[in-house]
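This report covers one protein model. It starts with the fold and then turns to one helix and its partner.

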Amino acid sequence: MSSAGLRIRPIESINGGHELNEVFFDQVRVPRENLVGEPGMGWTYAKYLLDKERTASAYLYQNKRELEKVKEIARAETVKGSRLIDTPEFARKLARVEADLLALEWSVLRILCDEQNAHDADAVVSALKIRGSEMQQRVAQLQIDALGPRALRTFLHEDHGATPLWPDYVQGRAAQFLHLRAATIYGGAREIQKNIIAKRAFGL
């Protein structure tokens with residue numbers, strides 16, 4: 001569609017919807033007093049800001065929140081009469097993810113405090129983006145592991161009302177798990193981030 005020099009072209013998503021768009025501005029004139037920086041430098045400025053925003057791409061707030069949901073599920077689900085959270089195998093998985101998330105949080109805090117680092121800061125935040133998006137997938141995987149067969153809830157029933165068999169914490173877990181398979185793609189693909197790290201940190 002178009003309006004006053006603006007064109008929006010829908011891009012088909014993998015599920016057949018129109019979730020993403022390309023936006024074009026045709027024959028648009030910007031008043032000189034509204035110009036930010038130098039003409040023709042917009043993409044350069046955008047790339048600079050993109051590098052800085054990737055500290056937030058560690059998704060600490062979401063990872064910590066969703067890890068608490070893992071614990072909620074594991075306290076409610078039982079295996080042979082014992083709470084799942086008390087079983088050695090699951091407790092070990094949970095502890096490993098929790099320790100890695102704490103390490104990620106400290107790494108983000110170091111960047112925010114402008115701590116001196118042997119490597120280029122942009123390379124470091126790219127590493128945080130990789131670790132943060134991978135952590136999202138790991139936490140979502142833990143939720144699915146904790147739910148076991150209940151994780152099929154989205155596919156077995158259309159009614160999402162809570163029942164003793166399907167408590168509230170089941171709803172949405174499978175959908176989120178599937179959505180987060182793309183976490184290492186959107187916001188800067190993992191492979192691109194690794195290229196940035198190779199160039200900025202190691203000069204490759």
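Helices (H or I, at least four residues) and strands (E, at least two) are DSSP runs, numbered from the N terminus. On that basis the protein has seven helices and five strands. Along the sequence they follow the pattern β-β-β-α-α-β-β-α-α-α-α-α.

The model is predicted: local features need pLDDT of at least 70, side-chain atom pairs count only at pLDDT 80 or more, and totals for chains, interfaces and linings use all residues. Residues are numbered from 1 along each chain as its sequence is written, and side-chain values use heavy atoms, with hydrogens and water left out.

Of the 204 residues, 32% count as buried (under 20% relative accessible area, 1.4 Å probe, protein chains only). Helix α4 is largely enclosed by the rest of the structure, because 21 of its 27 residues are buried. G148 follows α4, and its phi is positive, near 60°.

The axes of α4 and α7 (residues 190–202), lines fitted to C-alpha atoms over the stretch in contact, come within 8 Å and cross at roughly 155°. That makes the two helices roughly antiparallel (over 145 degrees). Residues in this contact (heavy atoms within 4.5 Å) include A123, I130 and E134 of α4 and R190, I197 and A201 of α7.

Among contacts between residues at least 6 apart in sequence, 61% join residues at least 24 apart.

Definitions and conventions. Buried means under 20% relative accessible area, exposed over 50%, partly exposed in between (1.4 Å probe, protein chains only). Axes are lines fitted to C-alpha atoms, for helices over the stretch in contact, and angles run from 0 to 180 degrees between N-to-C directions. Angles under 35 degrees count as roughly parallel, over 145 as roughly antiparallel, 65 to 115 as roughly perpendicular and the rest as oblique.
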